[in-house]
Amino acid sequence: MSIENLTQRQAREKYLELARDIKTAMMLTDLGSKPVPAIPMGTKDILDSGDIIFFSKASSEHNANITASDKTQLIFGDPNTKEFLSVYGSTMISKNRELIDKYYDNLDNNWFESKNDPELTVLIFTPEKGHYWDSKTNALITLAKLTYTKITGDETEIGVSGNLKL
């Protein structure tokens, strides 16, 4: 796997591409603890600025952790496309009515009584830096390339990874 570190515009484009394709992230909070608390979170939107919008319960463990320290890590992964993204940043808790009205849909009724539920909060994640892995091929082609390397000993290009300075 080759290394391609990206900065500024290219980094943001790669970050947006991967995060928008994958749509669900493991959110890690209280990063200094062991084990690190993690919860799957579905994105409501990923803004062109790079900020990611989530909904969360005010009484949740991750909201309590974010209140104590806003430093957060998101891990996105799609084993089918062999695309992975780990991004570090900060998260803000909000009760922004405009965002709730804009993004609340029927699926959210599984976690909240309605868009007026007092437990409903908006989490706004702002990225700082990250790392990506992108095989740029499907699993069958990657497997064939790895098999070729195993048989011949010749290295084959199976993708690219790199740091993202956002």
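Helices, of at least four residues, and strands, of at least two, are DSSP runs numbered from the N terminus. On that basis, the elements of the chain follow the order β-β-α-β-β-β-β-α-β-β-α-β-α-β. The chain holds four helices and 10 strands. The model is predicted.

The chain has 166 residues, of which 42% count as buried. Its accessible surface is about 9300 Å². Carbon and sulfur atoms account for 54% of that surface.

Helix α1 covers residues 8-22. At 1.5 Å a residue, its 15 residues should span 21 Å, and the end C-alpha atoms are 21 Å apart, so expectation and model agree. Several positions of α1 are buried. These are Ala 11, Lys 14, Tyr 15, Leu 16, Leu 18, Ala 19 and Ile 22. Just after α1, Lys 23 adopts a positive phi of about 70°.

Helix α2 comprises residues 61-68 and includes His 62. The relative accessibility of His 62 is 10%. Buried means under 20%, and His 62 therefore counts as buried. Leaving aside residues up to four places away in sequence, His 62 touches Met 27, Thr 29, Ile 39, Met 41, Ser 56 and Leu 123. Two methionines, Met 27 and Met 41, are among these partners.

Methods
Residues numbered from 1 in each chain as written. Predicted model: local features only at pLDDT ≥ 70, side-chain atom pairs only at ≥ 80, totals over all residues. Heavy atoms only, no water. Expected span 1.5 Å × (residues − 1). Buried < 20%, exposed > 50% of the residue type's maximum accessible area, 1.4 Å probe, protein only. Contact = heavy atoms within 4.5 Å. Areas by Shrake-Rupley, 256 points an atom, 1.4 Å probe, with all protein chains shown as cover.
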